[in-house]
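Hi everyone, thanks for making time for this. I'd like to walk you through one model, and please have the viewer open while I talk.

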Amino acid sequence: MTPVSENACFGGTQGVYTHESNVCGGDMTFGLFMPAEAENGPVPLLWFLSGLTCTHENAMVKAGAQNWAAEQGIALVFPDTSPRGETVANDEAYDLGQGAGFYVDATQSPWSPHFKMWSYLADELPTLIEDQFEVDMERQAITGHSMGGHGALTMAMNLEGRFRSVSAFAPICNPTASDWGRKQLSAYLGSDESTWAKHDATLMMEEKGFDGPVLIDTGTNDQFLDLLKPEALAEAATKRRQQMNFRMQPGYDHSYFFISTFMEDHISFHAEALYA
């Protein structure tokens, strides 16, 4: 692991690091905020998964999360959204290829050699962070935005017992029934739709739900609302009687202005679960 930068931030340190990923077959970059409390021992860890076209940097710079994480003594990790590089497959469209990994392990050509974001986030990166930093892996939570909200919800429901809480900002809720999903899942995973189900938050909610608190925020003026399909997830949670705070925020869109407005709520929500 190689430090790219380390800056003092709200009494802690905001770092950016690169490392060679065996899973993704190349170098990967992530951001990690460590609060001042980490100097005295392991701290809880909150994952933030970003959306389409983003790198590790977007949420790290724009979400305003470090201030609230510092108040709660929580570490924040900002992974990239895909493998990158000249040898990594790409597509001219913004919603496929580099910057659009969709948090799956691709099985189809030309994506399968590098696009292993599920394994990277479920296994490789957590192992690296636990080895190199003062984090308490028994106290983890996860959140994300848009495509990253999809990733946060599906990982929370599939990796049982890993996360104490899950939240999402404008998540893609039902990708198997959306153009933000069917295109990517068929490209990465192939035409057998049975392999898609674990990557659909609505289907996972119907099948198993999440053993913990859930918070979802979506703006009523979100320009991608028809693609996100929040009503499908809300209906599935209601049928399952899943504990979930589902909020449609009047006037807000899909931007980081929306995310930063409600970031304090989300970090406080996770802090309650992480320190329970």
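**Around Ser 167**

Let's begin with a side-chain pair: Thr 143 and Ser 167 make a polar contact through their side chains, at 2.7 Å. By polar contact I mean a pair of N or O atoms within 3.5 Å; within protein, one must be able to donate a hydrogen and the other to accept it, and residues adjacent in sequence count only if both atoms are side-chain atoms.

A word on where this comes from. The model is predicted, so local features need pLDDT of at least 70 and side-chain atom pairs count only at pLDDT 80 or more, while totals for chains, interfaces and linings use all residues. Residues are numbered from 1 along each chain as its sequence is written, and side-chain values use heavy atoms, with hydrogens and water left out.

Back to Thr 143, which sits in strand E6, residues 135-144. Helices (H or I, at least four residues) and strands (E, at least two) are DSSP runs, numbered from the N terminus. Is Thr 143 buried or exposed? Thr 143 is buried, because its relative accessible area is 2%; the cut-offs are under 20% for buried, over 50% for exposed and partly exposed in between, with a 1.4 Å probe and protein chains only. Beyond its neighbours within four places in sequence, Thr 143 is in contact with residues including Leu 46, Trp 47, Phe 48, His 266 and His 270. Contact here means heavy atoms within 4.5 Å. If you want a distance to check in your viewer, the C-alpha atoms of Thr 143 and Pro 250 are separated by 21 Å, and these two are 107 residues apart along the chain.

Now, which side chain does His 270 meet in a polar contact? That partner is the side chain of Ser 167, at 2.8 Å. His 270 belongs to helix H9, residues 256-274, and counts as buried because its relative accessible area is 0%. Not counting residues up to four places away in sequence, His 270 touches Leu 46, Ala 141, Ile 142, Thr 143, Ser 165, Val 166 and Ser 167.

**Two helix pairs**

Staying with H9: helix H2, residues 65-72, packs with H9 at an angle of about 30 degrees, and their axes are 9 Å apart. So H2 is roughly parallel to H9. For the geometry, axes are lines fitted to C-alpha atoms, for helices over the stretch in contact, and angles run from 0 to 180 degrees between N-to-C directions. Under 35 degrees counts as roughly parallel, over 145 as roughly antiparallel, 65 to 115 as roughly perpendicular and the rest as oblique. On the H2 side, the contact is made by Ala 65, Trp 68, Ala 69 and Gln 72; H9 brings Met 263, Glu 264, Ile 267, Ser 268 and Ala 271.

The other pair is H3 and H4, whose axes come within 12 Å and cross at roughly 55 degrees. H3 is therefore oblique to H4. Trp 118, Leu 121 and Ala 122 of H3 meet Thr 154, Met 155 and Asn 158 of H4.

Next, the loop between strand E5 (75-79) and helix H3 (117-132), where we find Pro 110. The peptide bond from Ser 109 to Pro 110 is cis, with omega near 0 degrees. Tyr 103 lies in the loop between E5 and H3 as well, and has a positive phi of about 60 degrees although it is not a glycine. For background, most residues other than glycine have a negative phi, and most peptide bonds are trans. Tyr 103 is buried, because its relative accessible area is 0%.

His 114 is also placed in the loop between E5 and H3. With a relative accessibility of 12%, His 114 counts as buried. Its side chain reaches the backbone oxygen of Cys 24 at 2.8 Å, and the contacts of His 114 beyond four places in sequence are Cys 24, Gly 25, Pro 83, Thr 87 and Val 88.

Tyr 188 touches several residues numbered in this part of the chain, among them Gly 101, Phe 102, Val 104, Gln 108 and Trp 111.

**One more positive phi**

Last stop: Phe 10, in the loop between strand E1 (2-9) and strand E2 (12-21). Its phi is near 50 degrees, a positive value in a residue other than glycine. Thanks, and happy to take questions!
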